[in-house]
Amino acid sequence: LIVRDPRDCVISWLRWRGVPVIPGTIIAAVRVYEDGKSIRGFYNGWRKRLADPDVLVTRFETLFNDGGVEVERIAKKIGGSSVGVYDARHRYTATWSGCLSDHREHWTDEIEVAWRAVGGPIIWQTSTRCMSTRVRAK
């Protein structure tokens, strides 16, 4: 399971869909992200998997920026090979646009209000807390 800051997911999702990344579209995406659900509703769909000991959890940014350490960890978990995967990582995703999306480049006070209204901070706090526990346990 790849975990990513949901604010970065919103920005990436907008960019992938070719939607202008401006406060109004960001706020709309936070409120209705996918399948009529808010970003929190969308994340709640997979949150239970964070506690499953059989699920390997990794951070998206780590996977793309650690020189291949995380790819090797995944390969070891599934019994596969990591040879060449890290170097070709950008080719293995249909959503890669050439750079990582960073919400901090777009986030405003107005967006933060909408984010908090849908319970956005709870999503990332829950994910981060679970990740920290699992990383320490390994």
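The protein contains 7 helices and 2 strands. Helices (H or I, at least four residues) and strands (E, at least two) are DSSP runs, numbered from the N terminus. The model is predicted: local features need pLDDT of at least 70, side-chain atom pairs count only at pLDDT 80 or more, and totals for chains, interfaces and linings use all residues. Residues are numbered from 1 along each chain as its sequence is written, and side-chain values use heavy atoms, with hydrogens and water left out.

From the N terminus, the order of elements is β-α-α-α-β-α-α-α-α. Of the 138 residues in the protein, 41% are buried. Buried means under 20% relative accessible area, exposed over 50%, and partly exposed in between (1.4 Å probe, protein chains only). Among contacts with a separation of 6 or more, 66% join residues 24 or more positions apart. Contact means heavy atoms within 4.5 Å.

Two packed helices are described by the angle between their axes and the distance between the axes. Helix α1 (residues 6–17) packs against helix α2 (residues 23–31) at an angle of about 115°, and their axes lie 10 Å apart. Axes are lines fitted to C-alpha atoms, for helices over the stretch in contact, and angles run from 0 to 180 degrees between N-to-C directions. α1 and α2 are therefore roughly perpendicular to each other (65 to 115 degrees). The crossing of α1 with α2 is right-handed (the near helix is turned clockwise from the far one by less than a right angle). On α1, the contact is made by V10, I11, W13 and L14; on α2, by T25, I26, A29 and V30. These residues comprise 7 nonpolar, 1 polar and no charged. Here Ala, Val, Leu, Ile, Met, Phe, Trp, Tyr, Cys and Pro count as nonpolar, Asp, Glu, Lys and Arg as charged, and the others, Gly among them, as polar.

H103 lies in the loop between α5 (69–78) and α6. H103 is buried, with a relative accessible area of 7%. Beyond its neighbours within four places in sequence, H103 contacts D5, R7, D8 and I11. I11 also takes part in the contact of α1 with α2.

Helix α6 (residues 109–117) has buried residues I111, E112, A114 and W115. They span an arc of only 165° around the axis, which puts them on the same side of α6. The arc is that of the directions from the helix axis to the C-beta atoms. The face turned away from the buried side of α6 carries the exposed residues D109, E110, V113, R116 and A117.

Note on methods. Angles under 35 degrees count as roughly parallel, over 145 as roughly antiparallel, 65 to 115 as roughly perpendicular and the rest as oblique.
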